[in-house]
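Have the viewer open and follow along from one loop to the core and back.

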Amino acid sequence: MPTKKPATPAPRRRAAKAEPPAPAPRSASRPLPKAVQAVRARKTLPRAVGAAVIEEIFARFQRIEPEPKGELEHVNPFTLLVAVVLSAQATDAGVNKATRPLFKVADTPQKMLALGEETVRDYIKTIGLYKTKAKNVVELSRQLIERFGGEVPPDRDALVTLPGVGRKTANVVLNMAFGQETMAVDTHIFRVSNRLRLAPGKTPEQVEEGLEKRVPKAYRLHSHHWLILHGRYICKALRPECERCPVADLCTSGDKRI
Ligand code: SF4
């Protein structure tokens, strides 16, 4: 799908960003996850594992799940973008429950804008931060129409100018809707990449950069899904299920809770 040039200059309205900077700096009232605290407390980062180990880890993930899919339900790039914006600090299951009826009546920016903020709010009120998110979803719909001809731009720099869209959200959309080899580093990928020493890093950006450098080309498109699934269901934050981990013999994480 070609990039539409930002038409003009439509006056931009302000809307608060809803995406959490996870696992980036937070307010004092919200403590960082233990895994992030542990990684940041280290004086030096461990070295990444070698290329052969990385190759073997992804080869195993691929054998187990050749075509991993994201769990957020959507019917087109626009509904994917909305679902990802709504998923900040919410579970995919909770977002899907709210978006099923919403997307039946509003699967385009035009329909979402016509629905209006209050009605969108009613559809998504079971999701955390729903007021801010409703505002962002309607405003991003307006901006897609005014600046991008009603299409989701396949371009990170353009996507992050939309309300509620940060780098992680943009990376998910670029990967799932446009097949770009992006690494959307969320809390699971951050933890797994550090535990397995695929791309040790103290910030999501460092981990993203490391993964981009080290994940072999053949695995790049699906790598962020494999890492999310591994972190969500096996290499969990508090009680990683190492006994059934398919890459346990390649994991050198002495403290499985970092
Ligand atoms: S062995 Fe345990 S800590 Fe290491 S990757 Fe597997 S689940 Fe995670």
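Arg197 sits in the loop between H10 and H11. Helices here are DSSP runs of H or I with at least four residues, strands are E runs of at least two, and both are numbered from the N terminus. Please keep in mind that this is a predicted model, in which local features need pLDDT of at least 70 and side-chain atom pairs count only at pLDDT 80 or more, while totals for chains, interfaces and linings use all residues. Residues are numbered from 1 along each chain as its sequence is written.

Arg197 has a positive phi of about 55° although it is not a glycine. Most residues other than glycine have a negative phi. Arg197 counts as buried because 20 other C-beta atoms lie within 10 Å. The cut-offs are these: a residue is buried with 20 or more other C-beta atoms within 10 Å of its own, exposed with 12 or fewer, and partly exposed in between, with C-beta atoms placed from the backbone.

Leu196 is also placed in the loop between H10 and H11, and it is buried, with 23 other C-beta atoms within 10 Å. Leaving aside residues up to four places away in sequence, Leu196 touches Ile57, Val247 and Cys251. Two residues are in contact, or touch, if their C-beta atoms, placed from the backbone, lie within 7 Å.

How do the two flanking helices meet? The axes of H10 (residues 187-195) and H11 (residues 204-214) come within 10 Å and cross at roughly 65°. Axes are lines fitted to C-alpha atoms, for helices over the stretch in contact, and angles run from 0 to 180 degrees between N-to-C directions. The crossing of H10 and H11 is left-handed, a term for a near helix turned anticlockwise from the far one by less than a right angle (right-handed if clockwise). H10 brings Ile189, Phe190 and Ser193 to the contact, and H11 brings Pro204, Val207 and Leu211. By class, that makes 5 nonpolar residues, 1 polar and no charged ones. Nonpolar covers Ala, Val, Leu, Ile, Met, Phe, Trp, Tyr, Cys and Pro; Asp, Glu, Lys and Arg are charged; the others, Gly among them, are polar.

## The whole chain and its core

Stepping back, the chain has 12 helices and 0 strands. Of its 258 residues, 40% count as buried. Among contacts with a separation of 6 or more, 68% join residues 24 or more positions apart.

Which residues touch the most other members of the largest nonpolar core? They are Leu81, Val85, Val120, Ile124, Val137 and Val173, in a core of 57 residues. A nonpolar core is a set of buried Ala, Val, Leu, Ile, Met, Phe, Trp, Tyr and Cys residues joined through C-beta atoms within 7 Å. Helix H3 (residues 77-86) gives the largest share of this core, 8 residues. The core draws at least three residues from each of domain 1 (34-69 + 181-250) and domain 2 (77-178), with bounds from an automatic or database domain assignment.

H3 is largely enclosed by the rest of the structure, because 9 of its 10 residues are buried. Its buried residues include Phe78, Thr79 and Leu86, and they pack against H4 (92-105), H5 (109-115), H7 (130-148) and H9 (167-178). Leu81, for one, touches Val152 and Val173, not counting residues up to four places away in sequence.

## Other loops worth a look

Leu129 lies in the loop between H6 (117-123) and H7. Its phi is near 60°, a positive value in a residue other than glycine, and with 18 C-beta neighbours inside 10 Å it counts as partly exposed.

Gly164 is found in the loop between H8 (156-159) and H9, and it counts as buried, with 24 C-beta neighbours inside 10 Å.

Gln180 belongs to the loop between H9 and H10. It is partly exposed, with 16 other C-beta atoms within 10 Å, and it touches Leu174 and Asn175, not counting residues up to four places away in sequence.

| Pair | Separation in sequence | C-alpha to C-alpha distance |
|---|---|---|
| Leu196 and Cys251 | 55 residues | 5.3 Å |
| Gln180 and Arg220 | 40 residues | 8.9 Å |
| Gly164 and Glu139 | 25 residues | 9.3 Å |
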